[in-house]
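Subject: Structure for your review

Dear colleague,

Please find the structure below, together with its sequence. My notes on it follow, and I would be grateful if you would read them alongside the model.

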Amino acid sequence: MDSSFRKNAANRVEESYGDAKNLRARHPQAALGFVYALSAVALESEPDIAEWLIDLLAKLGREEDAYDAVALILPDLTPESEAPGVEEDVAAGPLEPGASDDENIVESDAELRLAQELVPHEVHHMRPVRLRRSQVPAALDPGRFFTVMCDELLERTPVNFHADARRLRREAGRP
């Protein structure tokens, strides 16, 4: 959601809640997650609505018959020339809540060249978007979300599914 926060917030929450209940009823063994992107501008322009929405998202992830995990991302869509001089942490890796080192995303020059070949030319000219991590509650942290989703998926699927993921978990000392 990137605009009309007061007008749209209630509808988005109602839709997500209804979707969760419907999906869980139809697919009780599925690992269900919900990722919500809320423009960081809402934190300044309509802080009461942003706080209300963040609270409801956290509650949506607590109900046993809804989503297994809910995540919130707060993209700062303010042009760099207009952004205040506040530095945010670099986004954490998906399985490491709170981490601030993203240097391991591309491990070699060869991987970087391959990634550049695979990504459409237009993407290289897009403006980077910073994520405001400090204002995301721990219960809605994207790292936590991916950890819970992976755990739930592996718990609910037969032991012969996702063999590589299960092996990597064992190697990391996780059951």
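In these notes, a residue is buried when its relative accessible area is under 20%, exposed when it is over 50%, and partly exposed in between, using a 1.4 Å probe and protein chains only. Helices (H or I, at least four residues) and strands (E, at least two) are DSSP runs numbered from the N terminus.

This is a predicted model, in which local features need pLDDT of at least 70 and side-chain atom pairs count only at pLDDT 80 or more, while totals for chains, interfaces and linings use all residues. Residues are numbered from 1 along each chain as its sequence is written, and side-chain values use heavy atoms, with hydrogens and water left out.

Overall organisation

The chain contains six helices and four strands. Their order along the sequence is α-β-α-α-β-β-α-β-α-α. The chain has 175 residues, of which 28% count as buried. A contact here means heavy atoms within 4.5 Å. Among contacts with a separation of 6 or more, 75% are between residues 24 or more positions apart. The exposed surface comes to about 11700 Å², and carbon and sulfur atoms supply 55% of it; accessible areas were computed by the Shrake-Rupley method with a 1.4 Å probe, and for residues only the protein chains shown count as cover.

Helix H3 covers residues 47-60. Its buried residues are Ile49, Ala50, Leu53, Ile54, Leu57, Ala58 and Leu60. The cover over these residues includes helix H1 (5-26), strand E1 (33-37), helix H2 (41-45) and strand E2 (69-73). The expected span of a helix is taken as 1.5 Å times one less than its number of residues. With 14 residues, H3 reaches 20 Å from its first C-alpha to its last, close to the 20 Å expected.

Helix H5 (142-156) has 15 residues, and its end C-alpha atoms lie 21 Å apart, in agreement with the 21 Å that it should span at 1.5 Å a residue. Gly143, Phe145, Val148, Met149 and Leu154 are the buried residues of H5, and they pack against E1, E2 and H6.

Individual residues

Arg6 lies in H1 and touches Glu46, Asp48 and Ile49, leaving out residues up to four places away in sequence. The C-alpha atoms of Arg6 and Asp48 are 9.2 Å apart, although 42 residues separate the two in sequence. Asp19 also lies in H1, and it counts as partly exposed because its relative accessibility is 42%. Asp19 and Ala66 are 47 residues apart in sequence, with 8.5 Å between their C-alpha atoms.

Ala40 sits in the loop between E1 and H2. Its relative accessibility is 1%, so Ala40 counts as buried. Beyond its neighbours within four places in sequence, Ala40 is in contact with Leu74, Pro75, Asp76 and Arg132. Between Ala40 and Leu74 the C-alpha distance is 5.0 Å, with a sequence separation of 34 residues.

His162 is in the loop between H5 and H6. It has a positive phi of about 55° although it is not a glycine, and at 36% relative accessibility it counts as partly exposed. Arg169 belongs to helix H6 (residues 163-171). Because its relative accessibility is 18%, Arg169 counts as buried. Setting aside residues up to four places away in sequence, Arg169 touches Cys150, Asp151, Leu154, Arg174 and Pro175.

The cavity

A cavity is a set of points, on a 1 Å grid over the protein atoms alone, where a 1.4 Å probe fits but cannot get out; lining residues have an atom within 4 Å of a point. Grid points are joined across faces, edges and corners, and a volume is the space filled by probe spheres set on the points. A search of the whole structure finds one cavity of 30 Å³ or more. The largest cavity holds about 30 Å³ of space. Its lining consists of Leu72, Ile73, Leu74, Leu131, Arg132, Arg133, Val136 and Pro142. By class, six of the lining residues are nonpolar, none is polar and two are charged.

Yours sincerely

Key:
On a 1 Å grid over the protein atoms alone, a cavity is a set of points where a 1.4 Å probe fits but cannot get out, and a pocket is an open set with protein on both sides within 12 Å along at least five of seven lines; lining residues have an atom within 4 Å of a point. Ala, Val, Leu, Ile, Met, Phe, Trp, Tyr, Cys and Pro count as nonpolar, Asp, Glu, Lys and Arg as charged, and the others, Gly among them, as polar.
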